[in-house]
Amino acid sequence: MEKVIGIDLGTTNSCVAIVENGTPVVIPNRGGYKTTPSMVAVTEAGKRLVGHIAKRQAITNAENTVYAAKRLIGRKWNSPQVKNAVATSSYRIVEGPHNDVRIVLRDKEFSVPEISAMVLQEMKVIAEDYLGEPVSKAVVTVPAYFNDNQRQATKDAGEIAGLDVIRIINEPTAAALSYGFGRNIEKTVAVYDFGGGTFDISILEIGAHGVFKVIATAGDTFLGGEDVDARIIDWLVSGFKEEHGIDLRQDRMALQRLKDAAEKAKCELSSVRETEVNLPFIISSGRNEALHLQRSLTRTTLEELSEDLIDRTVDICRQTLEDAKLEKDEIDEVVLVGGMTRMPRIQQAVQQFFEKEPNKGVHPDEVVALGAAIQGAALVDDKQEMILLDVTPHALGIMTFGSYFEELIPQNTTVPTHRTKIFTTSRDNQTAVKILVMQGESQRAEENELLGEFILTGLRRAPKGQVEIEVTFEINADGIVSVRAKDLETGLEQSIQVTATSGLTRDEIKTMMDNAKDDLVDRRTSEEFEAARQEAEKLITEIEKLFPQVQQIVASSDFGRDAIEKAKAIVEKARSAIERKDAAAVKEQLEGLTRTHRMFKGVVAKT
Amino acid sequence: MAEKVPRLVANVDIRKFRLDPTDGFLLTRIDGRLGPRDLARETGLPEFSVERALEKLESLGVIERIDPNAPPPTAPPPPPPPKPAAPQFSQLLEAKYDPAELEEACDVPVQHRKRVLDLYYRLDDIDHYTLLGVTREADKKTVKRAYFELAGVLHPDRYFKKNLGSFKPKMEVLFARVTDAHDTLVDKDRRVDYDAYLAEVATTKGMEAMLERALDEAQRVAAPTPSSAPSRGSVPDGTPVVASTPPASGSLPPASAEELQARREALARRLLGGAGRPPSAVTRPSVAPEAPNPLRYSSSADAVEALKRRYEDRIEQANSAQVRRYTEAAEQALAKNDLANAASSFSLAVKYAPDDVALAMRYQELKNQADAVMSESYIKQAGYEERQQKWPEAARSWARVAKLRPADARAAERAAFCLLKADGDMHEAAEHAKRAVATDPRVALHHVTLAEVYAKAGLVASARRAAETGLVVDPKNVALLALMKRLGKG
């Protein structure tokens with residue numbers, strides 16, 4: 001049976017897990033960390049960096065380091081969220097074809113799924129290193145409130161990374177799976193998921209027979225830890241401006257340093273009451289002197305700065321409970337997920353709202369990836385008795401006359417499902433009708449997300465309201481939406497399978513996939529080479545240091561001269577291999593170099 | 001093996017139980033010979049309602065299930081046989097699918113296929129409770145458990161990336177229905193709404209069958225003859241009767257005069273012999289018997305004459321006792337606002353006193369009342385069905401209303417309209433629409449519907465005529481004008 005990994009593709013950090021012998025485990029990366037920063041950078045030399053290395057160089061390479069790409073994925077260039085990101089990001093975001101978003105790194109444009117693919121690829125490699133075998137299937141999580149376009153873009157990212165994403169599941173749902181897995185409980189659980197970029201709340205029922213039923217889910221895809229960071233940055237920037245009259249936002253490197261410091265301060269304030277933000281030489285005063293930023297931030301101030309954000313999450317919780325038609329006391333357990341839930345004020349707010357001590361038994365950073373791995377295993381393994389009954393997070397419908405949104409499948413409907421409604425023509429002698437498939441909760445069509453469109457033609461010429469068209473929406477277990485329109489008079493039918501647009505065409509994805517594959521080969525070889533080179537050069541230096549001494553000692557004997565010649569040849573060979581960047585050849589010489597080095601050291605030691 | 005059949009348990013006073021009309025109606029049909037399926041056919045109730053009622057009655061100890069081929073019990077009845085385990089619902093129903101469907105080449109286990117097919121082809125007949133396999137009283141938790149069990153089995157993820165063939169869409173439909181059932185039953189408001197709907201369905205179905213039967217019997221009983229034995233089984237007065245022989249059925253041809261004569265003479269001879277035994281060939285409700293006075297007659301002819309008189313007197317007495325009892329039962333039922341039972345009792349009373357005009361009028365009056373209740377019920381039902389876009393069902397309900405209220409043009413129009421929506425029988429639709437037009441020709445909508453029905457049936461000339469008539473009523477009617485235009489192009 002093929003292994004399926006579970007990937008939590010987070011806004012700030014990502015995590016990968018797998019079910020091994022029935023137990024879900026998080027796979028640590030090469031540095032031993034269980035989470036990897038979702039950051040991607042391109043160095044001056046054109047080298048791509050992902051994860052911790054990308055984060056480490058972010059300050060010195062702010063313009064070419066992408067963070068929080070998840071906030072852009074599947075979004076249109078003209079959306080307010082993208083506009084906001086353009087204004088606050090230290091990397092360049094530009095408009096791409098068909099209203100798509102592109103990120104510029106070292107003069108090269110990347111689509112957002114391509115950037116996410118780099119992170120996914122990193123997670124895939126982490127899993128492969130751990131398992132010692134190739135991995136091709138994955139379950140990837142997304143915020144519950146992601147719309148179809150965002151989900152599709154995430155799927156595309158997986159494809160570019162060479163992964164078959166067998167299912168996209170919601171993060172809070174994944175958390176609940178991990179919480180309830182193998183515990184044989186019957187409970188109603190609320191999952192409060194406050195992550196780096198998004199806030200989600202889901203209410204689930206865990207029942208007998210390993211069934212997990214999502215009852216309601218809601219959230220805000222632009223409300224997360226990043227927003228709290230932004231509040232701290234604002235506070236720091238405005239304080240600095242008052243003091244020095246300089247806007248730190250104008251300097252991308254300063255902005256990146258601020259971002260780092262804000263995140264650090266926020267995390268520290270979860271355990272201490274006060275912390276110091278200290279950024280020496282943050283900017284030049286313009287009079288040939290550097291200015292420093294030094295300010296202390298208290299937990300109380302942070303709480304004041306983020307109060308309205310926390311209130312927003314509580315409002316969403318209240319709404320979701322109402323949607324689920326549940327009372328607070330019907331919730332048996334509240335599970336906290338996401339880094340932000342470490343903030344004491346948030347734990348307090350959740351406890352106050354649900355009137356219940358939240359469960360802290362799950363690891364907020366790892367639980368989502370674990371849940372994804374569990375779902376992956378349950379899908380491919382017949383022995384796993386677990387079924388997830390998920391819901392549509394957004395209502396689905398079509399645009400009707402006057403650009404109203406007519407809902408066919410309401411929010412929080414368990415999938416698979418299908419609904420039918422009858423519509424009529426809106427103009428006299430209308431012979432064709434355009435079906436605009438939309439997703440969202442607004443009554444105004446233009447405020448909702450357009451998923452796809454098609455045209456039903458050949459209608460009878462008749463006064464408006466005469467011709468009846470039956471529209472059927474269907475969502476299958478894989479979450480794929482298909483829409484059918486039928487002229488009830490003639491029986492003529494048109495249908496589409498809504499492949500949400502990630503902004504990329506099939507061909508584009510194909511090309512990106514190929515590029516990513518090449519890149520993977522490159523990167524792996526270069527890593528191997530890099531390791532061998534470093535070791536070889538270290539040995540060569542050591543050997544060359546010992547040369548004069550060894551020569552002195554052994555020059556008198558033939559054996560000695562021979563040995564020195566041999567050593568010189570080995571060093572030469574290694575050098576040329578390094579020059580050729582031939583990893584295999586360098587590796588080959590390593591043994592000889594090691595032997596020579598040991599021998600030289602032995603000779604010197606004896607005398 | 002023969003299917004077990006329900007039979008009444010002797011000496012049980014059913015008055016102490018809370019039975020609804022369906023249960024009561026079913027009780028009158030239980031004779032120890034008819035199986036659940038026959039009962040469903042006989043009563044016109046859906047099989048699941050019959051089965052549910054039987055289970056209830058059985059649990060109450062009113063009925064028991066016996067092997068129909070076993071020898072009839074002797075009176076007094078032997079101790080009841082050990083109660084058979086409640087039969088599995090699914091086993092009682094014959095498979096509705098083509099067994100070939102089980103053979104399809106796909107990765108679904110056979111046992112699972114049976115379950116899927118069984119449910120899939122029965123979806124239209126079963127309510128949410130039956131679908132989930134829970135009782136009407138089931139609480140939220142029970143509903144959820146049942147749902148989780150089914151959802152786990154029916155969700156297509158159970159066979160992820162396997163070849164499910166034609167089972168995949170079926171499982172998806174089933175899953176959606178099971179989910180709908182769950183969502184409806186766990187939501188207080190929706191459940192109340194749905195229960196009300198089911199209650200309407202049960203009431204109308206039960207009442208209809210009962211009234212039809214009553215009408216049937218009333219017609220069949222020309223005059224009370226000794227052979228038209230009183231009802232079999234338990235009647236609303238609560239005296240259950242155990243038949244030691246198969247009871248005389250109302251459908252038997254009435255005995256000829258000669259036969260009757262021969263029987264009476266035979267009886268007289270026996271009585272003359274002084275044995276004084278009551279007739280045993282016919283079972284009847286226990287009417288307090290007068291002790292026969294042993295008299296001597298001069299001739300056998302006199303004796304026969306006297307006996308005949310006595311015998312007829314007794315029949316008369318028995319009849320009037322029955323009439324009294326049924327009338328009382330009817331009035332009691334009426335007092336409890338149980339129109340169906342009342343009407344049924346009256347119909348039986350009328351049967352025993354066919355010449356009693358007052359009684360017949362009372363019956364008719366009551367039947368009208370019951371009809372009114374029933375049509376109200378059907379209107380509610382139709383409303384729910386229209387909201388749920390169950391057009392064939394809505395059409396059926398409106399048709400019933402139209403039948404019960406021949407002067408209701410709206411009901412007729414709705415029936416026609418729903419048939420249009422349901423792609424139903426256009427002949428029937430045309431009948432309804434015509435009636436709507438005939439009843440109230442001033443309403444343009446009636447003409448529209450009639451014309452639409454004709455148009456759909458392809459009767460262009462009729463459609464045009466109907467539309468033209470409609471335009472006389474409302475010359476500016478948009479729908480009619482449009483229709484004319486369309487027909488003109490035809």
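Colleague: Does A:Ile435 count as buried or exposed, and why?

Modeller: A residue is buried if 20 or more other C-beta atoms, placed from the backbone, lie within 10 Å of its own, exposed if 12 or fewer, and partly exposed in between. A:Ile435 has 21 C-beta neighbours inside 10 Å and therefore counts as buried. This is a predicted model, in which local features need pLDDT of at least 70, side-chain atom pairs count only at pLDDT 80 or more, and totals for chains, interfaces and linings use all residues. Residues are numbered from 1 along each chain as its sequence is written, while chains are lettered from A and ligands numbered from 1 in the order in which they are written.

Colleague: Which residues is A:Ile435 in contact with, leaving aside its neighbours within four places in sequence?

Modeller: Two residues are in contact if their C-beta atoms, placed from the backbone, lie within 7 Å. For A:Ile435 the partners include A:Ile398, A:Phe454 and A:Val483.

Colleague: At what angle do helix H12 and helix H13 of chain A pack?

Modeller: Helices (H or I, at least four residues) and strands (E, at least two) are DSSP runs, numbered from the N terminus. Axes are lines fitted to C-alpha atoms, for helices over the stretch in contact, and angles run from 0 to 180 degrees between N-to-C directions. Helix H12 (residues 558-580) and helix H13 (residues 583-606) of chain A pack at about 150 degrees, their axes being 9 Å apart. Angles under 35 degrees count as roughly parallel, over 145 as roughly antiparallel, 65 to 115 as roughly perpendicular and the rest as oblique, and H12(A) and H13(A) are therefore roughly antiparallel.

Colleague: How many residues does each chain give to the contact of chain A with chain B?

Modeller: Chain A gives 20 residues and chain B gives 19 residues, and among the elements of chain A that give two or more is helix H10 (367-380).
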